[in-house]
Amino acid sequence: MTRTWILPTLLVLCGSFVSTGLLLSGSPGEAAAVLLVSVLLAGVNSPLVFPRSIGATEAQRRSAVDGRPVVFWRPGCTYCIRLRIRLGRNARRLHWVNIWRDPAAAAAVRAANNGNETVPTVVVAGRPHTNPDPEWVREQLSSPA
């Protein structure tokens, strides 16, 4: 669970160190800009950007009931961030599963991707799709299951 916060923590720490150096050298504006950018990057790469994750078993059960896709993701994945941002508010309608928090989810992703933990892997009607186009995922939300 702690590895999901490693990248955001490093981004904030590095931004803080660089900002401190800039502040001490007499560049408060640049220091504030660097700190702001590092905090924003940390936020985007944190689990906070994504809807609350559930376990793989629960996500598959819910998907079987409501027909909504299951998205397997991990923090720090730029493709996952792209999918999340491009889906906008529709992202909350999906079932999100963090593969770093659920070993069964990681195993499901490896099974779907020839042993690789490639994310995002979106499962629609029991069929996995690796790194699908966000527009296609949005269409899956509006089409009947």
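Hi everyone, this is a short tour of one predicted chain, with a stop at helix H5.

Some housekeeping before we start. Residues are numbered from 1 along each chain as its sequence is written, and side-chain values use heavy atoms, with hydrogens and water left out. Because the model is predicted, local features need pLDDT of at least 70 and side-chain atom pairs count only at pLDDT 80 or more, while totals for chains, interfaces and linings use all residues.

Let's take the overall picture. The chain has six helices and four strands, where helices (H or I, at least four residues) and strands (E, at least two) are DSSP runs, numbered from the N terminus. Their order from the N terminus is α-α-α-β-α-β-α-β-β-α. Along the principal axes, the C-alpha atoms fill a box of roughly 60 × 30 × 25 Å. Of the 145 residues, 37% are buried; buried means under 20% relative accessible area, exposed over 50%, and partly exposed in between, with a 1.4 Å probe and protein chains only.

Now, please look at H5, residues 103–112. Which of its residues are buried? They are Ala-105, Ala-106 and Val-109. Down the helix axis these fall within an arc of 100°, so they line one face of H5; the arc is that of the directions from the axis to the C-beta atoms. Their cover includes helix H3 (56–66) and strands S1 (70–73), S2 (95–98) and S3 (121–124), with contact meaning heavy atoms within 4.5 Å. On the other side of H5, Pro-103 and Ala-111 are exposed.

And the end of H5? Just after the helix, Asn-114 takes a positive phi of about 55°.
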